[in-house]
Amino acid sequence: MNIDNTIYNGRPDSACSDVETAIYDALDSLGISFARAVHEHADTMEDCLLVESVLGAQICKNLFLCNRQKTNFYMVMMPGDKPFKTKFLSSQLGCARLSFADADKMEELLHTTPGSVSALELIFDTEKQIQLVIDKDLLKSDFISGHPGISTSTLRLAKDDMLRYVQACGHTPVYIDLPVEE
């Protein structure tokens, strides 16, 4: 994967998609500053390791899940290097049979695609159909990173700014403790 080793501050000068523009506008309206790395599609956590080396901060793993009936949706934010086991999350949330939600539902609710999802897209969940779930280990870092609607750039926000952003989007996180190992 090719990555530009430059750290940019703020939004790009060139044209962006409508999704990216909406996210940058929301960040600007809240007075949230951020660092930005530009790269090829970073669709895997392995790709994100390269981005982390440029940003100087760990990239958050973001999972878009649903219950068996596909009536409840969850965005789980957790450290990228932490293994994910649905049974631990299910027990803490009190719901059974969590699985990855369909790409079509992700597009409908968050205006993004698998590999690009982050809490920054919660701005599009205007009906508040998604419950934000944050692993407490993620809060040990000073920064939380995520893609702005597409995985060709990654934003690094101060942890408190990311939490303020999701609150401004109308999402109150549920905090959980996922184990490192079984």
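This is a predicted model: local features need pLDDT of at least 70, side-chain atom pairs count only at pLDDT 80 or more; totals for chains, interfaces and linings use all residues.
**Exercise 1. Work out how far apart the mean positions of the positive and negative charges of the protein chain lie.**

Start with the counting: Lys and Arg are positive, Asp and Glu negative, while His and the chain ends stay out. Next, place each charge at NZ of Lys, CZ of Arg, CG of Asp or CD of Glu. That gives 16 positive and 27 negative charges, with mean positions 8 Å apart.

Residues are numbered from 1 along each chain as its sequence is written, and side-chain values use heavy atoms, leaving out hydrogens and water.

**Exercise 2. Find which residues of helix α4 are buried, and what covers them.**

First, get the elements: helices (H or I, at least four residues) and strands (E, at least two) are DSSP runs, numbered from the N terminus. Helix α4 spans residues 103-110.

Then apply the burial cut-off (under 20% relative accessible area, 1.4 Å probe, protein chains only). M106, L109 and L110 pass as buried. They sit on the same side of α4, because they cover an arc of only 80° around the axis, taken from the directions from the helix axis to the C-beta atoms.

Now the cover: it includes β3 (60-66), β4 (73-79) and β6 (130-135), with contact meaning heavy atoms within 4.5 Å.

**Exercise 3. Find what share of the protein chain is buried.**

Note on methods
Buried means under 20% relative accessible area, exposed over 50%, partly exposed in between (1.4 Å probe, protein chains only).
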